[in-house]
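Reader: Hi! I'm new to this one, could you walk me through it?
Author: Happy to, here it is.

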Amino acid sequence: LINVENVTKKYKENTALNNVSFSVNQGETLAIVGPNGAGKSTLMSLLFGTLNYDDGNIFFQGIDVMKNTNKYMTKYFYFL
């Protein structure tokens, strides 16, 4: 369902995410936890397609997130 492959995101000299990879299959639940500044919000923005990553790939149902709009992505994500 979601494939994150070697994703890196930098803000000037600061690296928010460095070579992050994971996958989530349909029916699985993913929790993103970590201390302040760990890159949780950055990762969510990348998954939504509202922020571009510097390296790697993110696919949602086989579709490249970078090539799709926020409107397309948000209809598939649910938050409690």
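Reader: Thanks! Let's begin at one end of a strand: what is the bridge partner of Ile2 in β2?
Author: Ile2 is bridged to Val24 in β2. Bear in mind that this is a predicted model.

Reader: Okay, and in which sense do β1 and β2 pair?
Author: Antiparallel: β1 covers residues 2–11, β2 covers residues 14–24, and seven bridges join them. Another opposite pair there is Lys10 and Thr15, the latter in β2.

Reader: How many residues sit between β1 and β2 in the hairpin?
Author: Two residues lie between them.

Reader: Which strand pairs with β1 over five bridges?
Author: That's β3, residues 55–60, and this pairing is antiparallel. Within it, Glu5 has Asn57 of β3 as its bridge partner.

Reader: Switching to side chains, what lies over the face of Tyr11?
Author: Lys9 does, at 5.1 Å from the ring centre.

Reader: Nice! And how many aromatic pairs are there?
Author: Zero, taking a pair to mean ring centres within 6.5 Å.

How values were computed
Residues numbered from 1 in each chain as written. Predicted model: local features only at pLDDT ≥ 70, side-chain atom pairs only at ≥ 80, totals over all residues. Heavy atoms only, no water. Phe/Tyr/Trp six-rings, centres within 6.5 Å; stacked < 30°, edge-to-face > 60°. Lys NZ or Arg CZ within 6 Å of the ring centre and 35° of its normal. Pairing = 2+ DSSP bridges. Helix = DSSP H or I, 4+ residues; strand = E, 2+ residues; numbered from the N terminus.
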